[in-house]
Amino acid sequence: MESTPKETLVPDIVANDPFWLPIIGVVSAAIFAVICLLMWGPRPEGVQGIMDVSYLPFFNASVNALVTVVLVCGWRFAVTGRLRAHRKAMLTAFGLSTAFL
């Protein structure tokens, strides 16, 4: 009796290809640098108090809560072997996280 191969979370071509790891590292470092620059970098004159951003903490917390729910669902999908649903949940969580940015 021949068993069918199980679906993997990461295709072999991506998991075994060292090409992607440096790209991920460079993109992560670049995003971190831009965030640091925006937080602690110089600000143009006269920018103080122009925009009302008082709603952003609530919006950020709401998006983070929704992402948490989707991540927990994705984890449950992975544990129970529902890999297609897991992949969709992880992509949804990624999309929601980047929507705030």
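Predicted model: local features only at pLDDT ≥ 70, side-chain atom pairs only at ≥ 80, totals over all residues.
Residues are numbered from 1 along each chain as its sequence is written, and side-chain values use heavy atoms, with hydrogens and water left out.

Let us begin with the chain as a whole. Of its 101 residues, 10% count as buried (buried means under 20% relative accessible area, exposed over 50%, and partly exposed in between, with a 1.4 Å probe and protein chains only). Among contacts (heavy atoms within 4.5 Å) with a separation of 6 or more, 52% join residues 24 or more positions apart.

Now turn to one pair of helices. Two packed helices are described by the angle between their axes and the distance between the axes. For helix H3 (residues 56-79) and helix H4 (residues 83-100), the axes come within 8 Å and cross at roughly 165°. The axes are lines fitted to C-alpha atoms over the stretch in contact, and angles run from 0 to 180 degrees between N-to-C directions. H3 is therefore roughly antiparallel to H4, a term for angles over 145 degrees. The crossing of H3 past H4 is left-handed, meaning that the near helix is turned anticlockwise from the far one by less than a right angle.

Which residues meet there? From H3 they include Phe59, Leu71, Gly74 and Trp75, and from H4 they include His86, Met90, Thr92 and Phe100. By class, this contact has 17 nonpolar, 5 polar and no charged residues (Ala, Val, Leu, Ile, Met, Phe, Trp, Tyr, Cys and Pro count as nonpolar, Asp, Glu, Lys and Arg as charged, and the others, Gly among them, as polar).

His86 sits in helix H4 and is buried, at 13% relative accessible area. A polar atom of the His86 side chain lies 2.8 Å from the backbone oxygen of Gly74. Thr92, also in helix H4, is partly exposed at 40% relative accessibility. Its C-alpha atom is 8.8 Å from that of Leu71, 21 residues away along the chain. Lys88 in helix H4 is exposed, with 61% relative accessibility. The C-alpha atoms of Lys88 and Gly74, 14 residues apart along the chain, are separated by 7.9 Å.

Technical notes:
Helix = DSSP H or I, 4+ residues; strand = E, 2+ residues; numbered from the N terminus. Parallel < 35°, antiparallel > 145°, perpendicular 65-115°, else oblique. Polar contact = N/O pair within 3.5 Å; in protein donor to acceptor, adjacent residues only side chain to side chain.
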